[in-house]
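Please examine the sequence and the structure shown below.

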Amino acid sequence: QVQLVESGGDSVQTGGSLSLSCAASGYSSSPYCMAWFRQVPGKEREVVGLTYPNANTQYGNSVKGRFTISRDNAKATMSLQMNTLKPEDTATYYCATRPGFCSWKSPDYRAWGPGTQVTVSS
């Protein structure tokens, strides 16, 4: 059973930077997608970015050019470097994974971490 744990959430000021990490365990050798989502209370979970088994990445429109995802398959880890943070980036950030190709739909992911809180103050 896959288990995910996020870390690195914190409170920062507008324009600041933060790096999140996701550590995974329990994987098989099959290719898998890793993704970052975020959620604000009362709103749907939003894709931040996806990293495919070949390490290609895609980003949500609201974070393009500011956030960067990287993954280390050997260590089963994924990171999210967040720059030029804005108050609207405030959310709980989750990492998630699914076998095979990535999906932009949160219900397609079966394994989720507990989340880490990011707060950006103006």
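In this predicted model, a disulfide joins Cys22 to Cys95, with 2.1 Å from S to S. Because Cys22 belongs to strand E3 (residues 18–25) and Cys95 to strand E9, the bond ties together parts of the chain that are 73 residues apart in sequence. The link of Cys22 and Cys95 is right-handed, with 60 degrees about the S-S bond. Both Cys22 and Cys95 are buried.

How many disulfides does the structure hold? There are two. The other link to consider joins Cys33 to Cys102, with 2.0 Å from S to S. This pair, too, links distant parts of the chain: Cys33 is in strand E4, Cys102 is in the loop between E9 and strand E10 (111–112), and the two are 69 residues apart. The torsion about the S-S bond of Cys33 and Cys102 is about 105 degrees, and the disulfide is therefore right-handed. Is Cys33 buried or exposed? Its relative accessibility is 0%, so Cys33 counts as buried. Cys102 has a relative accessible area of 13%; residues under 20% are classed as buried, and Cys102 is therefore buried. When the bonded cysteines are counted along the chain, the disulfides follow the pattern 1-3, 2-4.

Which strands pair with E4? Strand E9 (residues 91–99) runs antiparallel to E4, and eight bridges join the two. Strand E5 (residues 46–51) also runs antiparallel to E4, joined to it by five bridges. E4 and E5 form a hairpin with six residues between them, and Gly42 in the turn has a positive phi of about 90 degrees.

The relative accessible area of Phe37 is 0%, so Phe37 is buried. Its bridge partner in E9 is Tyr94. Phe37 and Cys95 are 58 residues apart in sequence, while their C-alpha atoms are 6.2 Å apart in space.

Phe37 also takes part in contacts between aromatic rings. Such a pair of rings is described by the distance of the centres and the angle of the planes. The structure holds four aromatic pairs. In one of them, the ring centres of Phe37 and Trp112 are 5.0 Å apart and the planes stand at 55 degrees, so this pair is tilted. Phe37 in strand E4 and Trp112 in strand E10 are 75 residues apart, and the pair thus links distant parts of the chain. Trp112 has a relative accessibility of 25% and so counts as partly exposed. Trp112 forms another aromatic pair with Tyr94, which is edge-to-face, with 6.3 Å from centre to centre and 85 degrees between the planes. Here the partners lie in strand E9 and strand E10, 18 residues apart. Tyr94 itself is buried, with a relative accessible area of 13%. Which residues make up the aromatic cluster? Phe37, Tyr94, Tyr109 and Trp112 form one cluster.

Charged side chains are found over two of the aromatic rings discussed next. Arg45 lies over the face of Trp112, at 4.5 Å from the ring centre. The charged end of Arg71 sits over the ring of Tyr32, 4.8 Å from its centre.

Four strands form an open sheet in the order E1-E3-E8-E7, with antiparallel pairing. Why is one side of E1 and of E7 left without a neighbour in the sheet? Strand E1 (3–7) and strand E7 (67–72) stand at the edges and each has a single partner strand, so one side of each has no neighbour there. On average, neighbouring strands of this sheet are turned by 15 degrees against each other, direction ignored. E7 pairs with strand E8 (residues 77–82) in the antiparallel sense over six bridges. Within this pairing, Gln81 in E8 is the bridge partner of Thr68.

Key. Residues are numbered from 1 along each chain as its sequence is written. This is a predicted model: local features need pLDDT of at least 70, side-chain atom pairs count only at pLDDT 80 or more; totals for chains, interfaces and linings use all residues. Side-chain values use heavy atoms; hydrogens and water are left out. Buried means under 20% relative accessible area, exposed over 50%, partly exposed in between (1.4 Å probe, protein chains only). Two strands pair if DSSP finds at least two bridges between them. Axes are lines fitted to C-alpha atoms, for helices over the stretch in contact, and angles run from 0 to 180 degrees between N-to-C directions. A disulfide is a pair of cysteine sulfur atoms within 2.5 Å. Rings of Phe, Tyr and Trp (its six-membered ring) pair if their centres lie within 6.5 Å; planes under 30 degrees apart count as stacked, over 60 as edge-to-face and the rest as tilted. A charge sits over a ring if NZ of Lys or CZ of Arg is within 6 Å of the ring centre and within 35 degrees of the ring normal.
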